[in-house]
Amino acid sequence: MCYEDSDVRDAVSKNLWLLVQLYGSDCAEVKEIFSTECLEAFALSLRAADAKRQKLILQIVKRLITSDTQFCSSLRENGGSLVSVIEGVQNTANETAEIRLKALAKEIISLVETPC
């Protein structure tokens with residue numbers, strides 16, 4: 001999701017969203033997302049993304065949190081930078097068009113703060 005080419009970046013994001021939506025965290029490829037490196041990549045992608053892609057990335061994170069307690073625990077223990085970026089999205093999303101983005105970020109922070 002950190003590719004410089006926007007077409008590749010968009011395709012990767014959409015494909016990951018479909019994979020997570022269909023299989024949750026049961027897919028073997030998704031298990032790699034629990035690593036610290038992948039959590040860092042999520043943080044970098046989220047920080048650099050526009051509002052539309054931020055929403056997609058946050059939907060992926062939320063789906064992973066709600067489908068697997070291991071991801072939630074990994075995010076809590078190793079995803080400090082991702083949590084910080086999500087908090088930043090929550091604090092900066094002020095425009096009317098970004099209300100859903102802010103609500104999604106707030107919901108993820110709430111899920112991470114409660115025991116998985």
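Helix H4 crosses helix H7 in a left-handed sense (the near helix is turned anticlockwise from the far one by less than a right angle). The model is predicted, with local features requiring pLDDT of at least 70 and side-chain atom pairs pLDDT 80 or more, while totals for chains, interfaces and linings use all residues. Residues are numbered from 1 along each chain as its sequence is written, and side-chain values use heavy atoms, without hydrogens and water.

H4 covers residues 51-67 and H7 residues 99-113; helices are DSSP runs of H or I with at least four residues, numbered from the N terminus. Their axes lie 10 Å apart at an angle of about 25 degrees, which makes H4 roughly parallel to H7 (angles under 35 degrees count as such). Axes are lines fitted to C-alpha atoms over the stretch in contact, and angles run from 0 to 180 degrees between N-to-C directions.

On the H4 side, the contact (heavy atoms within 4.5 Å) includes Gln54, Leu58, Lys62 and Ile65. H7 contributes residues including Leu101, Leu104, Glu107 and Ile108.

Gln54, in helix H4, is buried at 13% relative accessible area (buried means under 20%, exposed over 50% and partly exposed in between, with a 1.4 Å probe and protein chains only). Beyond its neighbours within four places in sequence, Gln54 touches Leu46, Ala49, Val89 and Leu101.

The structure holds one salt bridge, that is, a side-chain nitrogen of Lys or Arg within 4 Å of a carboxyl oxygen of Asp or Glu. Glu107 pairs with Lys62, with the closest N and O atoms 3.0 Å apart. The pair joins H7 to H4 across 45 residues. Glu107 is partly exposed at 32% relative accessibility, and Lys62 is partly exposed at 22%.

Technical notes
Helices (H or I, at least four residues) and strands (E, at least two) are DSSP runs, numbered from the N terminus. Angles under 35 degrees count as roughly parallel, over 145 as roughly antiparallel, 65 to 115 as roughly perpendicular and the rest as oblique.
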